[in-house]
Amino acid sequence: MLICLDYDETYTVDPEFWDLVIELALARGHRVICATMRHEHEAEEMPKTIGKRVEAIIYTGRKAKFDFVQKAGYYPSIWIDDMPHFLFQGG
Ligand SMILES: [Mg+2]
């Protein structure tokens, strides 16, 4: 599986929990990326936190995530997001 994890109000709610989830996913041979609607310049802390665990961080800059992530070359089969409507709707 390629799992796409949201950052704000998903990973940030309990980073230790998600770090374990990511570790387990990787140990099982799955891949994990992060997609956020932040712009990169709004996300200075992300490479130092979730960015150390996941394969890539995709910054959509308020654009809907689903198409944006695919255009970046990733095709997640699982999305984990507290606001899933933003997969298809810009913010
Ligand atoms: Mg969120």
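## Contacts along the chain

Of the contacts in the chain with a separation of 6 or more, 58% are between residues 24 or more positions apart, where two residues are in contact if their C-beta atoms, placed from the backbone, lie within 7 Å. This is a predicted model, in which local features need pLDDT of at least 70 and side-chain atom pairs count only at pLDDT 80 or more, while totals for chains, interfaces and linings use all residues. Residues are numbered from 1 along each chain as its sequence is written.

## Overall build

The chain holds two helices and four strands, where helices (H or I, at least four residues) and strands (E, at least two) are DSSP runs, numbered from the N terminus. Read along the sequence, these elements give the pattern β-α-β-β-α-β. The radius of gyration, taken over C-alpha atoms, is 12 Å for this chain, close to the 12 Å that the globule rule gives for 91 residues, so the chain is as compact as a globular protein of that length; the rule itself is 2.2 Å times the number of residues to the power 0.38.

Along the principal axes, the C-alpha atoms fill a box of roughly 35 × 25 × 20 Å. Buried residues make up 25% of the 91 residues; a residue is called buried if 20 or more other C-beta atoms lie within 10 Å of its own, exposed if 12 or fewer, and partly exposed in between, with C-beta atoms placed from the backbone.

## How the strands pair

Two strands pair if DSSP finds at least two bridges between them. Strands β1 and β2 pair in the parallel sense over four bridges, and the chain crosses from β1 through α1 to β2 in a right-handed β-α-β crossover, a name used if, with the strands pointing away from the viewer, the path from the first strand over the helix to the second runs clockwise. Within β2, Val32 is the bridge partner of Ile3.

Strand β1 is also joined by three bridges to β4 (residues 78–80), and these two strands run parallel; here Leu5 has Ile80 of β4 as its bridge partner. On β2, three bridges make a parallel pairing with β3, where Cys34 stands opposite Ile57 of β3.

## The nonpolar core

A nonpolar core is a set of buried Ala, Val, Leu, Ile, Met, Phe, Trp, Tyr and Cys residues joined through C-beta atoms within 7 Å. The largest one in this chain has 16 residues, and those with the most contacts inside it are Leu5, Cys34, Ile50 and Val54. The elements that give two or more residues to this core are β1 (2–5), α1, β2 (31–36) and β3 (57–59). In soluble globular proteins, nonpolar side chains tend to be buried together.

Leaving aside residues up to four places away in sequence, Cys34 touches Leu5, Tyr7, Ile50, Val54 and Ile57. Phe86, which lies in the segment after β4, is buried because 20 other C-beta atoms lie within 10 Å.

## Helix α1 and Leu24

Helix α1 has 13 residues, which should span 18 Å at 1.5 Å a residue, and its end C-alpha atoms are 18 Å apart, which agrees; the expected span is 1.5 Å times one less than the number of residues. Leu24 has its place in this helix, which covers residues 15–27, and Leu24 is exposed because 11 other C-beta atoms lie within 10 Å. From Leu24 to Ile50 there are 26 residues in sequence and 15 Å in space, C-alpha to C-alpha. After α1 comes Gly29, whose phi is positive, near 90°.

## Positive phi in the loops

Most residues other than glycine have a negative phi. Glu9 is not a glycine but has a positive phi of about 65°; Glu9 lies in the loop between β1 and α1, and counts as exposed because 10 other C-beta atoms lie within 10 Å. Arg62, also a residue other than glycine, has a positive phi near 80° and lies in the loop between β3 and α2 (65–71). With 12 C-beta neighbours inside 10 Å, Arg62 counts as exposed.
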